[in-house]
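I opened my notebook to go through this structure one item at a time. These are my entries.

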Number of protein chains: 4
Amino acid sequence: MNFQSLKEEAFEANLALVRHGLVVFTWGNASARDFSQGVMAIKPSGVAYDKLRPADMVIVELESGQAVEPGGLNPSSDTPTHRCLYLAFEKVGGMVHTHSRQATAWAQAGRDLPCFGTTHADYFLGTIPCTAEMTAEEIMGGQGYEYNTGTVIVREFQQRQLAPLDMPAVLVRSHAPFVWGKNAAAAAHNAVVLEELAGMALNTLALSPQIPAISPALLTKHFKRKHGAGAYYGQKHTPATSTSA
Amino acid sequence: MNFQSLKEEAFEANLALVRHGLVVFTWGNASARDFSQGVMAIKPSGVAYDKLRPADMVIVELESGQAVEPGGLNPSSDTPTHRCLYLAFEKVGGMVHTHSRQATAWAQAGRDLPCFGTTHADYFLGTIPCTAEMTAEEIMGGQGYEYNTGTVIVREFQQRQLAPLDMPAVLVRSHAPFVWGKNAAAAAHNAVVLEELAGMALNTLALSPQIPAISPALLTKHFKRKHGAGAYYGQKHTPATSTSA
Amino acid sequence: MNFQSLKEEAFEANLALVRHGLVVFTWGNASARDFSQGVMAIKPSGVAYDKLRPADMVIVELESGQAVEPGGLNPSSDTPTHRCLYLAFEKVGGMVHTHSRQATAWAQAGRDLPCFGTTHADYFLGTIPCTAEMTAEEIMGGQGYEYNTGTVIVREFQQRQLAPLDMPAVLVRSHAPFVWGKNAAAAAHNAVVLEELAGMALNTLALSPQIPAISPALLTKHFKRKHGAGAYYGQKHTPATSTSA
Amino acid sequence: MNFQSLKEEAFEANLALVRHGLVVFTWGNASARDFSQGVMAIKPSGVAYDKLRPADMVIVELESGQAVEPGGLNPSSDTPTHRCLYLAFEKVGGMVHTHSRQATAWAQAGRDLPCFGTTHADYFLGTIPCTAEMTAEEIMGGQGYEYNTGTVIVREFQQRQLAPLDMPAVLVRSHAPFVWGKNAAAAAHNAVVLEELAGMALNTLALSPQIPAISPALLTKHFKRKHGAGAYYGQKHTPATSTSA
């Protein structure tokens with residue numbers, strides 16, 4: 001099996017995070033999923049972005065968590081979180097994790113990110129959830145802290161009955177965001193959007209602390225304008241990652 | 001008819017938005033009006049700025065909304081808003097729409113932007129209005145959401161008796177700003193100014209939540225210093241877009 | 001008389017404002033004074049910085065306000081303010097005006113900028129004053145709005161008994177800062193410092209709304225460490241503009 | 001004795017502060033310690049970073065504070081603070097001081113920086129302390145203001161029973177941060193992290209003013225994931241400065 005194109009996709013998404021200023025040092029990682037082979041390519045752990053090469057991406061089997069290629073680098077320490085989310089969110093083809101400034105502030109504040117405007121509605125069908133706090137058991141035990149981080153996210157989505165591709169991001173309480181999409185490029189794109197939304201929402205609340213979320217009519221109008229059967233945005237060949245205007 | 005110079009004007013204004021950091025991805029668009037021919041050149045929908053060429057600009061008839069040239073790209077999804085505003089604001093020669101961070105926070109907060117200083121007074125003759133919330137009918141029906149967005153703006157200007165060239169911007173509630181001027185370059189220039197004003201006003205309120213708008217005397221003095229018969233700012237050949245100092 | 005070196009000094013200070021991100025478009029100006037000849041070189045009005053050349057600087061006689069060289073460009077519209085301040089502050093050799101984001105927010109908020117830390121104390125011997133509001137008479141009459149702006153600043157300094165070189169900046173209420181120094185380079189340098197202080201003070205108050213100014217002992221220690229007879233900062237040849245560390 | 005490699009290490013750390021945007025003008029300095037020879041290499045006072053060369057670093061004996069090489073530049077005016085901290089914190093190999101915007105705002109506000117998330121926990125084992133205010137005696141007397149600044153820091157660490165390498169930063173009240181690490185590169189790295197944390201914590205409190213620090217379980221989990229015997233982050237050869245993801 002040849003994983004070169006999968007590694008290229010993961011590599012490009014990792015670089016996109018840097019290019020858009022979402023990562024400091026090595027505080028971020030992106031992965032790309034191969035649906036047919038049941039594997040992902042993910043950033044190696046603790047490698048500086050300016051040293052990163054496509055060949056450094058680590059191929060991991062989603063079910064077992066085993067590295068597929070012998071002698072490779074260690075995968076990101078967040079690999080089990082990516083695995084857990086891919087296994088639960090079966091249509092998700094790309095995943096990123098960052099500690100981007102504004103989104104991380106919301107995660108640290110333990111607050112859901114409401115939809116205050118159409119920029120948000122163009123990408124996320126409603127409130128972006130912040131997870132419950134992880135218990136000492138979840139931090140220490142079970143399948144390990146990183147895998148349990150994924151479990152907490154999945155439980156949040158089940159409880160709120162959210163569809164992963166209608167709500168391609170989550171704020172992990174006291175930690176930072178995980179963001180996904182139909183492929184790795186879309187996941188990185190959505191991570192940039194989330195950071196913009198988090199910053200704008202912070203200032204929105206500074207100006208109007210009691211402002212409610214936008215109306216369901218406006219939310220649905222904008223989301224559907226770009227997603228699903230009735231979408232009329234962009235050119236016929238517009239990629240999934242392109243956006244309002 | 002040859003639309004090359006009109007397309008160049010619209011193209012340059014679109015690039016100016018990017019150069020000044022007002023757009024993320026494709027979240028913005030600029031158009032230029034040809035008064036004599038009753039058309040505008042506008043950015044195509046969902047095309048990345050780094051791929052954009054002057055020839056990609058789409059020529060649209062203002063009255064009918066029809067594309068003038070066969071086989072062109074789809075115009076920006078916000079084209080009907082531009083049309084509606086050009087038809088109502090007959091001296092306006094350029095129009096831009098962005099989701100710039102600070103101005104969008106004010107729009108999301110549903111707040112008018114008061115004139116807190118002379119930077120504001122140099123460009124906008126008073127409070128920059130935020131529109132009323134759009135009703136479900138306006139979102140769903142009539143001539144369509146985008147055209148109705150323009151209608152809501154025009155109604156706001158009529159109710160407040162504002163002259164479009166004395167007040168070349170509006171905050172569309174729960175959405176983002178539309179900004180205009182006597183030509184596309186002036187519209188892009190004013191969009192940069194609005195973003196600066198929005199950020200400075202946010203911090204002004206953080207320091208003095210009850211601060212009132214500046215006095216009518218100071219407002220008029222600064223605006224007239226640069227606009228109208230008594231203007232004495234700049235060199236004899238200074239373009240309309242140049243500014244205080 | 002040859003004003004080339006004076007024009008170079010003013011030109012360099014104007015560019016320094018741009019290089020440090022203090023000006024948007026043409027919202028700023030710097031001047032340099034020639035003590036022996038009683039003139040200043042100042043930026044022309046409304047000329048874009050990227051087009052500016054040293055030869056474009058305008059030589060103005062401080063007493064009369066007359067341009068010295070025939071056929072030159074119009075001087076900055078703020079020229080009378082510079083003149084008024086040079087005439088009142090006789091040891092000041094350089095002057096700048098900007099609408100830098102953070103300092104302008106304080107001016108718009110009508111608040112003095114207290115000394116909250118040693119960064120401030122290294123440059124400004126206490127609270128940076130915000131002027132009184134200008135009256136309609138001061139805006140409309142007397143020697144004109146711009147000259148009266150200077151008069152309001154001078155009056156504020158007289159009332160507070162401030163020494164211009166111990167307090168080389170002021171916040172003009174509802175407008176923006178004027179900043180000066182022993183020469184134009186020092187004035188531009190101090191304008192950068194003021195912008196940093198204004199941003200840090202805003203966040204300081206967000207964290208501790210009731211925080212008092214630092215102690216007189218700490219204020220004096222830091223200011224004297226770098227200014228006056230007992231200064232022991234830097235190398236023997238350190239220029240007046242160099243700073244803590 | 002040849003100090004070239006020590007000077008290189010200090011020089012690189014000084015440049016890292018600039019590259020990461022932590023210093024304005026010359027507001028910062030970094031030093032590197034030679035454990036065997038009992039000396040440090042530190043930035044000269046008031047020299048612009050763009051003029052700085054490795055050979056300009058000043059070698060100072062930690063015990064005596066004497067310059068080792070004849071005819072060198074004056075060391076940073078903060079040299080006695082570095083000395084005091086090296087003498088008290090015997091495993092610390094690198095030290096930096098900056099006036100970085102966000103961290104300085106916390107120091108000016110006189111507030112400890114609580115651990116609000118895992119980004120913080122990856123580097124600092126709990127609350128980053130803000131010192132007590134310095135007394136007039138400490139400012140004026142004893143071994144001098146700069147040495148006493150170090151004394152105040154050391155006392156704070158003794159009172160709170162903090163281990164310098166578990167808590168490699170302090171906020172000096174009304175001043176700014178000092179940050180350290182096992183070597184100069186780690187110290188500069190930690191200074192960048194502190195600035196990120198300070199900004200994220202400010203926004204966290206804006207969103208949730210009453211948010212508590214994270215749980216001891218989560219704090220310990222993240223810190224130990226990267227430090228000490230049980231660390232499993234990164235590649236086998238990962239340097240001490242690399243970080244989460």
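**Ground rules.** I am working with a predicted model: local features need pLDDT of at least 70, side-chain atom pairs count only at pLDDT 80 or more, and totals for chains, interfaces and linings use all residues. Residues are numbered from 1 along each chain as its sequence is written, chains are lettered from A and ligands numbered from 1 in the order in which they are written, and side-chain values use heavy atoms, with hydrogens and water left out.

**Chains B and A.** I looked up contacts here (heavy atoms within 4.5 Å). I found 35 residues of chain B touching 36 residues of chain A. Next came buried area, the accessible area (1.4 Å probe) that two parts lose on being put together, summed over both. Chain B and chain A bury about 3,000 Å². Carbon and sulfur atoms account for 56% of that. On the chain B side, Phe25(B), Trp27(B) and Gln108(B) lose the most area to chain A, together 24% of what that side buries.

I then checked salt bridges (a side-chain nitrogen of Lys or Arg within 4 Å of a carboxyl oxygen of Asp or Glu). There are 3 between chain B and chain A. One of them pairs Arg225(A) with Glu146(B), with the closest N and O atoms 2.7 Å apart.

Which elements of chain B give two or more residues to the side that touches chain A? I listed β1 (28-34), α3 (101-109), α5 (136-140), α6 (145-159) and α7 (184-207). These are DSSP runs, numbered from the N terminus: helices are H or I of at least four residues, strands E of at least two. The most comes from α3(B), with 7 residues.

**Chains D and C.** The buried area is about 3,000 Å², with 56% from carbon and sulfur atoms. Phe25(D), Trp27(D) and Gln108(D) lose the most area to chain C, together 23% of what that side buries.

Again I noted 3 salt bridges, now across the interface of chain D and chain C. Among them, Glu196(C) meets Arg101(D) at 2.5 Å, N to O.

**Pairs without contact.** I found no contact between chain A and chain C, and their closest C-alpha atoms lie 12 Å apart. Chain B and chain D have no contact either, with closest C-alpha atoms 12 Å apart.

**Symmetry.** How is chain B laid on chain A? I used a turn of 90 degrees and a shift of 0.0 Å along the axis, and the RMSD is 0.0 Å. That is the relation of a four-fold axis. Copies are superposed by least squares on the C-alpha atoms of residues with pLDDT of at least 70 in both. Within chain B, Ala206(B) comes closest to the rotation axis, at 5.8 Å (C-alpha).

**One residue.** I ended on Thr149(D), in helix α6 of chain D. Is Thr149(D) buried or exposed? Thr149(D) is buried, with a relative accessible area of 2%. The cut-offs are under 20% for buried and over 50% for exposed, with partly exposed in between (1.4 Å probe, protein chains only). A polar atom of the Thr149(D) side chain lies 2.8 Å from the backbone oxygen of Tyr145(D). Leaving aside neighbours within four places in sequence, Thr149(D) is in contact with Thr81(D), Met134(D), Val172(D) and Phe178(D).

Key: Polar contact = N/O pair within 3.5 Å; in protein donor to acceptor, adjacent residues only side chain to side chain.
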